[in-house]
Amino acid sequence: EIPEWDAPREFAGPEGPYYLLRSSKDDSEWWTSFDRLRTVLRAAATALWKDEVLQTRSPECRHFVKKLFISVTEEELSRGLLWLSPERQEQALVYSRTIGGDATAWGGGDASAFQDLLPDGEIDHDAS
């Protein structure tokens with residue numbers, strides 16, 4: 001089997017031609033682009049929806065702009081628990097953990113795997 005990054009990009013199969021999206025072995029270009037895009041989108045959102053941006057930390061906030069400022073984990077928690085009816089919240093099971101100290105002691109991992117970071121390695125406080 002050919003690794004996806006070495007595979008040809010265009011194919012013709014019995015159903016017709018199709019295109020393979022490929023992963024990159026070097027994702028540093030993506031993270032640079034992602035940071036620029038995130039910065040521009042957050043600035044535009046703040047200019048357009050200033051009041052809504054101020055409410056993104058509210059559990060009741062469901063405005064689209066919230067997705068630009070919160071972490072994926074917070075989004076999952078909002079959708080999976082906070083936006084449920086009170087009756088459904090009563091039935092939910094939540095597992096909470098605090099990651100502190102040296103996270104590398106957990107099997108050679110990197111603490112950055114548990115945080116949203118900016119390209120310079122600083123914590124992204126908008127998403128934390």
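In the protein, whose structure is a predicted model, residues 24 or more positions apart account for 25% of the contacts (heavy atoms within 4.5 Å) with a separation of 6 or more. For this model, local features need pLDDT of at least 70 and side-chain atom pairs count only at pLDDT 80 or more, whereas totals for chains, interfaces and linings use all residues. Residues are numbered from 1 along each chain as its sequence is written, and side-chain values use heavy atoms, with hydrogens and water left out.

The secondary structure comprises four helices and two strands, taken as DSSP runs (H or I of at least four residues for helices, E of at least two for strands) and numbered from the N terminus; along the sequence these elements follow the pattern β-β-α-α-α-α. The accessible surface, from the Shrake-Rupley method with a 1.4 Å probe, comes to about 10,200 Å², and 55% of it belongs to carbon and sulfur atoms. Of the 128 residues, 17% are buried, that is, under 20% relative accessible area with a 1.4 Å probe and protein chains only.

Arg42 lies in helix 1 (residues 28-48) and counts as buried because its relative accessibility is 10%. Leaving aside residues up to four places away in sequence, Arg42 touches Leu68, Phe69, Asp124, Asp126 and Ala127.

In helix 3 (residues 72-82), the buried residues are Glu75, Ser78 and Leu81, and what covers them includes helix 4 (86-91). At the start of helix 3, a side-chain oxygen of Ser71 comes to within 3.1 Å of the backbone nitrogen of Glu74.

How values were computed
Buried means under 20% relative accessible area, exposed over 50%, partly exposed in between (1.4 Å probe, protein chains only). A polar contact is a pair of N or O atoms within 3.5 Å; within protein, one must be able to donate a hydrogen and the other to accept it, and residues adjacent in sequence count only if both atoms are side-chain atoms.
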